[in-house]
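Please look over the sequence and the model below before reading on. The paragraphs after it lead from the whole chain to some of its parts.

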Amino acid sequence: MLSIELHGAKMPALGLGTWQLSGTACETTVRRALELGYRHIDTAEMYGNEAEIGRAVAASGVARKSLFITTKIWTNHLRAKDVGPTAESSLKKLKTDYVDLLLIHWPNASVPLGETLGAMMKLKDAGKAKAIGVSNFSVGQMNEALTRHKAPIACNQVEYHLLLNQRPILDYAHRHSMAVVAYCPLARGKLINNRTLARIGQKHGKTAAQVALRWLVQQPGVAAIPKATGEVNLRANLEIFDFVLDPPEVEELNRLTGNTRIIALDWQ
Ligand SMILES: NC(=O)c1ccc[n+]([C@@H]2O[C@H](COP(=O)([O-])OP(=O)(O)OC[C@H]3O[C@@H](n4cnc5c(N)ncnc54)[C@H](OP(=O)(O)O)[C@@H]3O)[C@@H](O)[C@H]2O)c1
């Protein structure tokens, strides 16, 4: 497994996405993922599944220090007075003293960014979040966080897959030693029957989905967090570290990138 340097910590380049997983299905999936070797779990206050994840981790017997857990604060809890209690509630549900990465889930123009980041930095200083970051931030918002508020932003988690060109975000992140975590890395299933991916995959004995994920994690500073439920998909998504896409293949795939978004940025 490749990993990404994140302000001194190591983030496994492949994590498990858990949006829309809840109840027993979530607990079983996370448990199975940990058994298969996943060590990076992505959740959020808004997903309503932190307690299930906490139980699955506790039951797995996997040492906390070998896990990388991300959670996110939703838009209604970004005031300074809410950030600490919200994070504490997440920690309690996750049955842990710290998260590896704490993110602002979505920017909220009605709360001053500096206020939220200030409260998050206090959590970082207290050791409750090893690193802090943002999600769904534009380049301008990333720049505001870094340069105006001097916040140690470790990553921006954004929608990123072969159908969506994210060059400006990637370039900014790279210039400022930030990671990019790709959500919807399989374009929520849209990529699994892609002919170009399937053809390239055939040469490597891999599926289209595996090539789509490999294309992401092969990029410097990029991690991917596909959500999968059954054992077959969970296992397949981990098996992307035993092959390499060569430069002509990467070039061909780069030419596919377009403007297809799964999650509208203005849904709020
Ligand atoms: N920060 C944000 O605002 C934000 C927004 C959206 C998502 N996210 C995070 O990103 C994660 C991933 O995004 P997503 O769940 O929306 O979409 P995704 O990971 O692109 O796609 C998930 C879909 O792909 C299928 N799949 C997974 N592995 C497969 C494989 N090897 N072959 C074929 N199909 C496969 C899954 O099916 P099965 O479940 O049946 O295996 C599921 O239907 C989320 O779970 C969440 O943690 C964050």
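The model is predicted. Its secondary structure comes to 10 helices and 10 strands. The radius of gyration is 18 Å, close to the 18 Å that the globule rule gives for 268 residues, so the protein is as compact as a globular protein of that length. Along the principal axes, the C-alpha trace spans about 55 × 40 × 35 Å. Of the 268 residues, 46% are buried.

Which residues of α3 are buried? They are Val83, Thr86, Ala87, Ser90, Leu91 and Leu94. Because these residues cover an arc of only 140 degrees around the axis, they lie on the same side of α3. The other side of the helix carries Lys81, Pro85, Glu88 and Lys92, which are exposed. After α3 comes Lys95, with a positive phi near 55 degrees.

The ligand has 27 residues around it, and the closest are Gly17, Trp19, Tyr183, Leu186 and Lys227. Helix α9 (residues 231-238) supplies the largest share of this shell, with three residues. By residue type, the shell divides into 13 nonpolar, 11 polar and three charged.

The backbone has further points to check. Most residues other than glycine have a negative phi. Lys150 is not a glycine, yet its phi is positive, about 50 degrees. This residue is in the loop between α5 (139-148) and β8 (153-159). Is Lys150 buried or exposed? Lys150 has 11 C-beta neighbours inside 10 Å, and 12 or fewer is the cut-off for exposed, so it counts as exposed. Cys184 likewise has a positive phi of about 50 degrees without being a glycine. Its place is in the loop between β9 (179-183) and α7 (195-204). Around Cys184 there are 24 other C-beta atoms within 10 Å; the cut-off for buried is 20 or more, so Cys184 is buried.

How values were computed
Residues numbered from 1 in each chain as written. Predicted model: local features only at pLDDT ≥ 70, side-chain atom pairs only at ≥ 80, totals over all residues. Helix = DSSP H or I, 4+ residues; strand = E, 2+ residues; numbered from the N terminus. Arc of directions from axis to C-beta. Rg over C-alpha atoms; globule rule 2.2 N^0.38 Å. Near = placed C-beta within 6 Å. Nonpolar A, V, L, I, M, F, W, Y, C, P; charged D, E, K, R; others polar.
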